[in-house]
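Morning, everyone. Have a look at the chain on the screen, and I will walk you through it.

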Amino acid sequence: MEEIAKIPPSPVAAAFRHIQWDPLTSLRLTPQETALLRMAESNPLEYTLGDARDATMYVRVLLKLLAEASLNVAGQVARISEVCNEQLALDALDADPLGVATHYAIAKLYTILTTLSSSWAVENGVSVGNVFYVGTEGDLIEQWKSLLRVMSKGKGDAYAQRTSALCLAHVLLVACPSQRGGDSKKAGPSYASAIEPLEALTAWIISQLKSSSVTTVGTTVPATMALMRATEGRQIFAASGGIKYLSRQLRQKERRQSSGSPQSYPSASGERTVNSSVQQLYELGFCLWCLTYELNNFADVRADFSKDGLPVLALVELVSVAPREKVIRVAMAALRNLATCSADVNPEPDAQRIDAKVFLGEMIGAGLMKAIGLLRERQFSDPDIVDDTETLHKLLTDNF
């Protein structure tokens, strides 16, 4: 079972236990829903999740709370980026109670998904699938749109956007046939009910990747990396133009790296450290590498990777400027997949044939031979880098 990525806590998490639900009449919670929230707070989460029906009721209440509270998601809480101590968090609760309630609901949903992705859930027969998908057909609960609203309308609230997107990605992944342990025909969550949400999530990610703001791009990374686990997620992402926008983002960050002016970028964990720019290079490069596993399956994916030579150029430049082995590893692995891909199984319909030879030509033009020459002189602890380097060197010399 895939674990959900770690996300830093809400900046106002210290105020969560002080929320008073009764005065927040704009949330339109029924007495039963308020009682359920209080009960969940007074018991271990595993107690509430132990029964799939109770767990689904709790999730529905949290998503309803999120839908109502997030109408004010761009208020004062949205502008808080540093973790608050209890007094500052209480001040935020007084000034923007719906903003704190929004963070509360998102944080609880994230914790629920983390618990449902653990060994405890397997042992107790509960899962993301039987909590977020209901009915005889296993359809996704309609309230998923609350997460999409926060992502789309929560501009400026990095915590709310990043965590909502990651939560939605994990809810949708369990419906993908490729994630069902090799038996795509067995009963489970309805993939048909997850297609539209997957497309909506991907469209939001693409819109964020068009931005030049490193903070904006950072809100997409955890969800994007999650989607890359499933072939369905990769296919929808590629069909939405994601390869081009990932490549553009990589080139922007490579130029900042090579200019000698390092900046602080938000990594998938949301942390800002001296090395976070390196971490985001790795994360975006990892996503591009994952997409190369669809090269043999779809002519459109090969066409997107060959468009304007941008993806190959971004990967070659990444190899040339990467300051860490893990960045070089994903870039070289992606280049190797490009250099060995085939158009035999799924050829281009009435179009120019795009295969390994095309990409090898682009690699030569981008200066990969020089970069490989330098790599062969270095010592690496990762044997995969050495193997990929020698394989690419042989392919390039044999073909040109």
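**Starting at histidine 18**

Histidine 18 sits in the segment before helix H1 (31–42). A quick word on terms: helices (H or I, at least four residues) and strands (E, at least two) are DSSP runs, numbered from the N terminus. This is a predicted model, so local features need pLDDT of at least 70 and side-chain atom pairs count only at pLDDT 80 or more, while totals for chains, interfaces and linings use all residues. Residues are numbered from 1 along each chain as its sequence is written, and side-chain values use heavy atoms, with hydrogens and water left out.

Back to histidine 18. What does histidine 18 touch, not counting residues up to four places away in sequence? Glu86, Leu90 and Leu93. Contact here means heavy atoms within 4.5 Å. Histidine 18 and leucine 90 are 72 residues apart along the chain, yet their C-alpha atoms are separated by 7.8 Å. Histidine 18 counts as partly exposed because its relative accessibility is 26%. The cut-offs: buried is under 20% relative accessible area, exposed is over 50%, and partly exposed is in between (1.4 Å probe, protein chains only).

Arginine 28 has a relative accessible area of 57%, so it is exposed. Aspartate 308 is in the loop between helix H16 (299–306) and helix H17 (310–321). Phi of aspartate 308 is near 60°, again positive in a residue other than glycine. Aspartate 308 is exposed because its relative accessible area is 76%.

Next, the rings. How many aromatic pairs does a search of the whole structure find? Five. Rings of Phe, Tyr and Trp (its six-membered ring) pair if their centres lie within 6.5 Å; planes under 30 degrees apart are stacked, over 60 edge-to-face, and the rest tilted. One of the pairs is tyrosine 282 with phenylalanine 286, tilted, at 6.1 Å centre to centre and 40° between the planes. Both lie in helix H15 (residues 276–291), four residues apart, about one turn of the helix. Tyrosine 282 and phenylalanine 286 are both buried. Tryptophan 289 and tyrosine 293 pair edge-to-face, at 5.7 Å centre to centre and 70° between the planes. Tryptophan 289 has a relative accessible area of 21%, so it is partly exposed. Tyrosine 293, at 46%, also counts as partly exposed. Ring pairs link Tyr282, Phe286, Trp289 and Tyr293 into a cluster. Lysine 326 lies over the face of tyrosine 282, 5.0 Å from the ring centre. That label needs NZ of Lys or CZ of Arg within 6 Å of the ring centre and within 35 degrees of the ring normal.

On to the core. A nonpolar core is a set of buried Ala, Val, Leu, Ile, Met, Phe, Trp, Tyr and Cys residues joined through side-chain atoms within 4.5 Å. The largest one has 130 residues, and Trp21, Phe132, Leu201, Leu335 and Met363 have the most contacts inside it. Helix H5 (residues 97–116) gives the most to this core, with twelve residues. Beyond its neighbours within four places in sequence, leucine 201 contacts residues including Met151, Ala165 and Leu227.

Last, the whole chain. The protein chain has 21 helices and two strands. Of its 400 residues, 52% count as buried.
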